[in-house]
Amino acid sequence: MSNDNRSAAIAARLRQQIADMAPGAKLPGVRELSKQYQASAATVSGALAELSALGLVRAEPGRGTFVANRERLAEPDYSWQSQALGRVRVDADRASRLGGYGTPEHLPLSWGYLAPELVPGEELQRIGARAAKNSRAWTMTPPAGSPDLRRVVAAEYRADPGDVLIVSGGQQGLVFAMRTLAEPGATLITESPSYPGAILAAQSAGLNIASVPSDEHGIIIERLADELDRSKARLIYMQPSYANPTGTVLARERRAQVIELAAQHGAFIIEDDWARHLGFEGPAPAPLFIDDPHGHVVTVMTLSKPISPGLRLGAIIARGPAGERLHASRAADDLCVAPLVQEIAHSLLTSSAWPRHVKRLRGELTTRRDALISTLYSSLPEARVTRVPKGGIHLWVKLSHGTDTRQFCAAAYGAGVLVGDGRHFFVDEPPAPFLRFSFGAATEAQIAEGVRRIAQLSEAG
Ligand SMILES: Cc1ncc(COP(=O)(O)O)c(C=O)c1O
């Protein structure tokens, strides 16, 4: 747990403790509290500062900390807010699973980013220190991003650098694209199952969501055609390469069919190309973007996945008036991504360390994928791996009929293991009990220990 989280946890417990104390009563000193909570003095002081800011305690220099007068602490009434805010848009339960969840002690058997030892940390530190010394890092770039970085991204997508817009990671790119390419109340079609963050992005853009099932070759074309007819949707979200959570790659013949359907219906495809650098058996298939000259495909890419989640850097690549609108609303939304971050990304992507890093990742991820699959086979026979992915970081696993995945994941969490509940990857009811495992965030030893703990739970349950 980080110091901040630890301070917050201690503050919560102190809050309970002082609820039973009289106003004016003195709290134990920092040294004693440190012993009681087995935390450093700085962490305890952080917790006390939090309570003091809330007016729950009063610090008197040289004398100690005292319970504040309760009259000032009447419970606030926020009930009016829910009425004023209207209907909840973004599903908080799904949102609570995105980004970091769990504690550092949890074994990350489901997490969408690389383990610390797979991040190119030394290069980032070296390049970051150098970039910070360059005055360019402390000015502004144009809202669309640093021209140098846009050129590098454009080359990968055979795009014009003018069609590239730098954003703070893929998630921002998705929200941004969904908000700009459709009016609130319009319908977005997503392949199903799909990335929960895309479902949240659509919710936050005020879109209705219709899902179309995918099979081992990606989204099912006939069902997509039906849904486009039925819903009149003009926006389709998909991950053609190594989809999260299934690892599916959109089959070659379906690529052309999807673009053809988008053209027939005058629709946009938001191509989430998050796993571009995470193919193990050769490079990922080319982005859909390069097969579509007419601007139906708008691609969102991210560097959080192959480099580091903390980099928070991605791009949207879009042609035509859609690109122009995205550029205009970019400036309205956020003036630019921190130039320092853009400078670091550009330096890394153009250095000799980059191809070395991508090559190393391929080997490491293959080893961890194989370790996860073989451990699951040997220790959890009721888990059926639906597909051996050739890229990405996730594994989609089906459990026996009738398994309650909510309970399964809660029990795993209690045993210190993070596993993804398949329910979050469906807009509506899941057709079967699924779990999402990831092999990018855990070491082989963590994978073995995590699966062992889950298997033990299954035996006990
Ligand atoms: C499929 C997919 N798209 C986009 C993202 C967004 O990633 P970021 O905002 O860190 O770039 C994620 C992160 O989990 C993802 O799994």
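Reader: How many C-beta neighbours does Tyr 242 have inside 10 Å, and is the residue buried or exposed?

Author: This is a predicted model, in which local features need a pLDDT of at least 70 and side-chain atom pairs count only at pLDDT 80 or more, while totals for chains, interfaces and linings use all residues. Residues are numbered from 1 along each chain as its sequence is written. A residue is called buried if 20 or more other C-beta atoms, placed from the backbone, lie within 10 Å of its own, exposed if 12 or fewer do, and partly exposed in between. Because Tyr 242 has 24 C-beta neighbours inside 10 Å, the residue counts as buried.

Reader: Where is the place of Tyr 242, and what is its phi?

Author: Tyr 242 sits in the loop between E8 and H11, where helices (H or I, at least four residues) and strands (E, at least two) are DSSP runs numbered from the N terminus. Most residues other than glycine have a negative phi. Tyr 242 is not a glycine, and yet its phi is positive, at about 55°.

Reader: Which residue other than glycine has a phi near 45°, and is that residue buried or exposed?

Author: The residue with a positive phi near 45° is Arg 158, which lies in the loop between helix H7 (147–156) and strand E4 (164–167). Because 11 other C-beta atoms lie within 10 Å of Arg 158, the residue is exposed.

Reader: Which residues does a cis peptide bond join with omega of about 5°, and which with omega of about 20°?

Author: Most peptide bonds are trans. The cis bond with omega of about 5° joins Ser 192 and Pro 193, and Pro 193 belongs to the loop between strand E5 (187–192) and helix H9 (196–204). Pro 245 is found in the loop between strand E8 (235–238) and helix H11 (252–265), and the cis bond with omega of about 20° joins Asn 244 and Pro 245.

Reader: In helix H15, which residues are buried, and what covers them?

Author: In H15 (residues 405–414), the buried residues are Thr 405, Phe 408, Cys 409 and Ala 412. Seen down the axis of H15, these fall within an arc of 90°, so they line one face of the helix, while Gln 407 and Gly 414 are exposed on the other side. What covers the buried residues includes strand E14 (417–418), strand E15 (420–421), strand E16 (434–438) and helix H16 (444–460).

Reader: Is Ser 110 buried or exposed, and with which residues is it in contact beyond its neighbours within four places in sequence?

Author: Ser 110 belongs to the loop between strand E3 (107–108) and helix H6 (121–133), and it is buried because 28 other C-beta atoms lie within 10 Å. The C-alpha atoms of Ser 110 and Phe 439 are separated by 7.6 Å, although the two are 329 residues apart along the chain. Leaving aside neighbours within four places in sequence, the residues in contact with Ser 110 (C-beta atoms, placed from the backbone, within 7 Å) are Leu 418, Val 419, Gly 420, Arg 436, Phe 437 and Ser 438.

Reader: Which residues come nearest to the ligand?

Author: By class, the shell around the ligand has three nonpolar, ten polar and one charged residues; Ala, Val, Leu, Ile, Met, Phe, Trp, Tyr, Cys and Pro count as nonpolar, Asp, Glu, Lys and Arg as charged, and the others, Gly among them, as polar. A residue is near a molecule if its C-beta atom, placed from the backbone, lies within 6 Å of it. Of the 14 residues around the ligand, those that come nearest are Gly 112, Gly 169, Gly 170, Thr 302 and Ser 304.

Methods:
Two residues are in contact if their C-beta atoms, placed from the backbone, lie within 7 Å. The arc is that of the directions from the helix axis to the C-beta atoms.
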